[in-house]
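Good morning, and thank you for coming. Today I would like to take you through the salt bridges.

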Amino acid sequence: MTPDEIETALQAAFNSCDAASCPLTDIQKQILLQVVEQIQGNSKSRTSDVANPLDDLTPEELEIFLQFVKTQEQQNRTWKVQLLNDWLHDNDSGEVKFIRQRYGLQWLNRLQSCHFDKYSYFEDALKLRVGDRIEVSNAMWEWVQENGPCKREWFGCIVLEVNEINNGDDSSTNCTVRFYSGAEYEIQGIYEWNRYNWRWPQ
């Protein structure tokens, strides 16, 4: 289906919902239409334009929270799971207990990996894990130019494997991904020299 056909199908679905006395709200309709616009590549409202939950934190809170996330990742623990387990078992979350007290579960649910991209000094602290969804640029396998005939495009994929390679003093990380088409691709130096060519889903 072309994006225009998808948009037409969505409009028909909206009308069917209205006829079945189960109308969608205007916000729900807008979200669905924005997805179609993103598919068309001319979205007027990108995820990056939506408020970043990390912007709600004070500078001091942000520093404490980012340090907590980095520490959890270095210990090979998922920071969000650790925080939710603390809340579930009513454990003290240490310096980040303010997240639960001031911002709560709704704030935490809004926070996605792509929100950390705004804080470029922090982006490499989030480690890839098997099953993570990322977007990979076509610059990995073809020559792209900002103003040339081949422009940068992003393709969704799932992380299948992450391997750290140690060669004496040098180390790098390779990552195998599977695209939604079923094709698999190995990205060498995913943190080292290919960091510019992948991102968290927008």
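R199 is partly exposed, with a relative accessible area of 22%; here buried means under 20% relative accessible area, exposed over 50%, and partly exposed in between, using a 1.4 Å probe and protein chains only. This is a predicted model, in which local features need pLDDT of at least 70, side-chain atom pairs count only at pLDDT 80 or more, and totals for chains, interfaces and linings use all residues. Residues are numbered from 1 along each chain as its sequence is written, and side-chain values use heavy atoms, leaving out hydrogens and water.

The side chain of R199 meets that of E135 in a salt bridge, at 2.6 Å from N to O. The term requires a side-chain nitrogen of Lys or Arg within 4 Å of a carboxyl oxygen of Asp or Glu. R199 belongs to strand 5 (residues 198–199) and E135 to strand 1 (residues 133–137), so the pair ties together parts 64 residues apart in sequence. Helices (H or I, at least four residues) and strands (E, at least two) are DSSP runs, numbered from the N terminus. E135 counts as buried, at 17% relative accessibility.

How many salt bridges are there by this rule? The count comes to six. Among them is the bridge between R102 and E61, whose closest N and O atoms are 2.3 Å apart. That pair links distant parts of the chain, with R102 in helix 5 and E61 in helix 3, 41 residues apart. R102 counts as exposed at 53%, whereas E61 is buried at 9%.

Finally, D56 forms a salt bridge with R110, with 3.6 Å between the closest N and O atoms.
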